[in-house]
Amino acid sequence: MWMRQTEATDNAPWGPADEPALVCAEASFAQAFHYWRGASGRRYLHSVYTLVGCPALPRANYILVRRHEDGTRSPLLLGQTKDRAVSLNLAHIRHQGAKLGANEVHIHLLADTPEERAHVETDLAAAHFGRRAADAA
């Protein structure tokens, strides 16, 4: 399997704030991946599921997302699963997503510790929701 990393081609120092992730040039995956960039400039790889198709989850970071008809995505809520029971984590995500009008769940499973998950959440929130708060002021 050939793997390749994609880089932004525009002149911005860190590239786009969010972007699809091409993880394999040879095969078409049913599972989609997406990068979300934090305020630090770091990219975080997320697995993408529909709200209904999301599996039960261990402790992880998630973004509830509204994917629009034109393909653009708007993050609605950032969070972390907290429960040891994976079914309770899924129930919470689906409930929150339904209340907010999300149609996708983006899951980041690469932060192993509670401290790493808190850092990911803070970095992404500063990039995507800090900007909205500043625009609203």
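This is a short walk through one protein chain, from its overall layout down to a few single residues.

First, the ground rules. The model is predicted: local features need pLDDT of at least 70, side-chain atom pairs count only at pLDDT 80 or more, and totals for chains, interfaces and linings use all residues. Residues are numbered from 1 along each chain as its sequence is written, and side-chain values use heavy atoms, with hydrogens and water left out.

Now the layout. The protein chain has 3 helices and 6 strands. Helices (H or I, at least four residues) and strands (E, at least two) are DSSP runs, numbered from the N terminus. In sequence order the pattern reads β-β-β-β-β-α-β-α-α. Of the 137 residues, 36% count as buried. Buried means under 20% relative accessible area, exposed means over 50%, and partly exposed is in between, with a 1.4 Å probe and protein chains only. Next, contacts, meaning heavy atoms within 4.5 Å. Among those between residues at least 6 apart in sequence, 58% join residues at least 24 apart.

Let's start with a hairpin. Strand E2, residues 32–37, pairs with strand E3, residues 43–50, in the antiparallel sense over 6 bridges. Two strands pair if DSSP finds at least two bridges between them. Tyr35 has Leu45 in E3 as its bridge partner. There are 5 residues between the two strands, and Gly41 in the turn has a positive phi of about 95°.

Stay in E3 for a moment, because His46 sits there and is buried, with a relative accessible area of 1%. What does His46 touch, leaving aside neighbours within four places in sequence? The list is Ala32, Phe33, His34, Trp36, Ile63, His106, Ile107, His108 and Leu124. The side chain of His46 also has a polar atom 2.9 Å from the backbone oxygen of Tyr44. That is a polar contact: a pair of N or O atoms within 3.5 Å, where within protein one must be able to donate a hydrogen and the other to accept it, and residues adjacent in sequence count only if both atoms are side-chain atoms.

On to helix H1. It has 15 residues, 86–100, which at 1.5 Å a residue should span 21 Å, and the end C-alpha atoms are 21 Å apart, which agrees. The expected span is 1.5 Å times one less than the number of residues. Which residues of H1 are buried? They are Asn89, Leu90, Ile93, Gln96 and Gly97. These cover an arc of only 135° around the axis, which puts them on the same side of H1. The arc is that of the directions from the helix axis to the C-beta atoms. An α-helix has 3.6 residues a turn, so residues three or four places apart point the same way. On the other side of H1, Ala98 and Lys99 are exposed. The cover over the buried residues of H1 includes strands E4 (61–67), E5 (73–80) and E6 (104–108). Just after H1, Gly101 takes a positive phi of about 85°.

Helix H2 next. Its 15 residues, 114–128, should span 21 Å at 1.5 Å a residue, and its end C-alpha atoms are 21 Å apart, which agrees. Buried in H2 are Arg117, Val120, Asp123, Leu124, Ala127 and His128. They cover an arc of only 130° around the axis, which puts them on the same side of H2. Glu115 and Thr122 are exposed on the other side of H2.

The largest nonpolar core has 11 residues, among them Leu51, Tyr62, Leu90, Ile93, Val105 and Ile107. A nonpolar core is a set of buried Ala, Val, Leu, Ile, Met, Phe, Trp, Tyr and Cys residues joined through side-chain atoms within 4.5 Å. A second, separate core of 8 residues includes Leu78, Ala111, Val120 and Leu124.

Last stop, Thr81. Is Thr81 buried or exposed? Thr81 is buried, with a relative accessible area of 4%. Its place is in the loop between E5 and H1. The side chain of Thr81 reaches the backbone nitrogen of Ala60 at 2.7 Å, and a polar atom of that side chain lies 2.7 Å from the backbone oxygen of Pro58. Thr81 and Asn61 are 20 residues apart along the chain, yet their C-alpha atoms are separated by 6.5 Å. His92, in helix H1, has its C-alpha atom 8.3 Å from that of Thr81. At 40% relative accessibility, His92 counts as partly exposed.
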